[in-house]
Amino acid sequence: MMSKEKITFRIDRDRKAALDAIAIHSNCDRSHILNEAVATYLEMYQWQTEEIQKGIAEANTGDFADDEEVKATFARLTNVY
């Protein structure tokens, strides 16, 4: 089991109320909801940072997409289903 530490921070009243509502509907305490939110944020931020670093490394080696790859990716991402 990972050791836990207590932190304190300020939050807007509306956000606190929203957290409490989520906690009530999830049958969890506020601390659990906050831990999930922080874990999700950290995962997203770490993934984003890693992807940026990969892109920088590719750019530094001259590994760029050609026009056809860019067009294909753009078409795939803008295709309406």
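Which residues are linked in a network of salt bridges? Lys16, Asp20 and Arg30 are. This is a predicted model, in which local features need pLDDT of at least 70, side-chain atom pairs count only at pLDDT 80 or more, and totals for chains, interfaces and linings use all residues. Residues are numbered from 1 along each chain as its sequence is written, and side-chain values use heavy atoms, with hydrogens and water left out.

**View 1. The salt-bridge network of Lys16, Asp20 and Arg30.** A salt bridge is a side-chain nitrogen of Lys or Arg within 4 Å of a carboxyl oxygen of Asp or Glu. Between Lys16 and Asp20, the closest N and O atoms are 4.0 Å apart. Arg30 and Asp20 meet at 2.6 Å, N to O. Because Arg30 lies in helix 2 and Asp20 in helix 1, this pair ties together parts that are 10 residues apart in sequence. Helices are DSSP runs (H or I, at least four residues), numbered from the N terminus.

**View 2. The salt bridge of Asp12 and Arg15.** The closest N and O atoms of this pair are 4.0 Å apart. Arg15 is exposed, with a relative accessible area of 54%, whereas Asp12 is partly exposed at 47%. Here buried means under 20% relative accessible area, exposed over 50%, and partly exposed in between (1.4 Å probe, protein chains only).

View 3. Asp63 lies in the loop between helix 2 (30-60) and helix 3.

Methods. Helices (H or I, at least four residues) and strands (E, at least two) are DSSP runs, numbered from the N terminus.
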